[in-house]
Amino acid sequence: ETDLFVFMSGESGHTLAYRARPAGQISILAADDINADGQPDLAWLDTTCGASTCFDTVMVRSWDGAQWSDWTSSTIVMAYADVTLEDARDTAQGSEIVLAGGEYGSVGAGPQRSRTEVWGSVDGAPYTLLDKVYARSTCLYFKVLDAGEALTRYQEIGLVQAREMYNEAITNRNLVPCGQRPGEMDELRSFSLFRLALVDAYAGEPDAAAESVAQLQQAYPDSIYTAMGMSWLEAYQASGDIGAACAAATAFAEQNPESYEALSDYGYANPTFTATDLCPVLAIQPPATPEP
């Protein structure tokens, strides 16, 4: 159970065609045409364990007529994953790879929640991530993360979702702290107000963006994100350009590293932020901009 060999039959008998050379223990998921493209496939788990956490990597190799090719668009890996093959999506052909789990076994990982990922082979292409759903949580930090993912991943469609989630992060008093930072709630809510101003700008609502920064100044006058928001708004109103405003916010963050280090202080299982992550420049052309 520490390696996998594939022998192919030919005129001279069976010869070695592929060797997995895994990092950990192997367990076979399927030896079949799992993506229904008429070619045989092999799918297995490569499980490695550290001091506190085990990781399951799903490997897929598909025979293309000449060799066993990697049939994943990127690495499919999850901590303590429960992995199944099932027909979970109509948009993909054959069976999808469904992983459920994702929680680390170490205290240093920080606050966590489980997730479910669905990977599928669309039109017979290598398996790609089709869906990722996190378990529900009352943690304010995760609400802020989800709002940021909606904003940056879904672009224009995500503006509505991001606005709803940032508003909820600011106003919902049922959301709770889940990190170890003093002043965590005010920190995350003030950052959410800054991001709400950014959403307003991308939505073509410069007056709403200015109002969001004004609310930020009033509610959290001492927050690092208030100072950053004021720098952003000044550049935005002077130029009418979101990219230039984000450049100003990024320059402020570079001079004040606590602005992004605060968001990175939630354990190694959670994202690390840089100065450029605080004000993402998106491929969205807002319908309206402020006049300089």
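At what angle do the axes of helix 1 and helix 2 cross?

## Helix 1 and helix 2

The axes of helix 1 (residues 140-153) and helix 2 (residues 155-171) cross at roughly 160° and come within 7 Å. Axes here are lines fitted to C-alpha atoms, for helices over the stretch in contact, and angles run from 0 to 180 degrees between N-to-C directions. The two helices are therefore roughly antiparallel to each other, a label for angles over 145 degrees, with under 35 counting as roughly parallel, 65 to 115 as roughly perpendicular and the rest as oblique. Their crossing is left-handed, meaning that the near helix is turned anticlockwise from the far one by less than a right angle, while clockwise would be right-handed.

Among the residues making the contact are Leu140, Val144 and Leu151 of helix 1, and Leu159, Met165 and Tyr166 of helix 2. Contact means heavy atoms within 4.5 Å. By class, this contact has 10 nonpolar, 5 polar and 4 charged residues (Ala, Val, Leu, Ile, Met, Phe, Trp, Tyr, Cys and Pro count as nonpolar, Asp, Glu, Lys and Arg as charged, and the others, Gly among them, as polar).

## About the model

This is a predicted model, in which local features need pLDDT of at least 70 and side-chain atom pairs count only at pLDDT 80 or more, while totals for chains, interfaces and linings use all residues. Residues are numbered from 1 along each chain as its sequence is written, and side-chain values use heavy atoms, with hydrogens and water left out.

## The whole protein

Stepping back, the protein has 7 helices and 11 strands; these are DSSP runs numbered from the N terminus, helices being H or I of at least four residues and strands E of at least two. The C-alpha atoms fill a box of roughly 80 × 40 × 35 Å, taken along the principal axes. Of the 292 residues, 44% count as buried (under 20% relative accessible area, with exposed over 50% and partly exposed in between, using a 1.4 Å probe and protein chains only). Among contacts between residues at least 6 apart in sequence, 50% join residues at least 24 apart.

## Helix 3 and helix 4

Another helix pair to look for is helix 3 (residues 184-202) with helix 4 (residues 206-219), packed at an angle of about 170° with their axes 7 Å apart. That makes helix 3 roughly antiparallel to helix 4.

## Aromatic pairs

A search of the whole structure finds 9 aromatic pairs. Rings of Phe, Tyr and Trp (its six-membered ring) pair if their centres lie within 6.5 Å; planes under 30 degrees apart count as stacked, over 60 as edge-to-face and the rest as tilted. Tyr18 and Trp44 form a tilted pair, 6.2 Å centre to centre with 55° between the planes. Tyr18 lies in strand 2 (residues 13-19) and Trp44 in strand 4 (residues 41-49), 26 residues apart. Tyr18 counts as buried at 14% relative accessibility, and Trp44 is buried at 1%.

Tyr104 and Tyr268 have ring centres 5.5 Å apart and planes at 80°, so their pair is edge-to-face. These two tyrosines are 164 residues apart in the chain. Tyr104 is partly exposed at 27%, and Tyr268 is partly exposed at 48%. Ring pairs link Phe55, Tyr104 and Tyr268 into a cluster.
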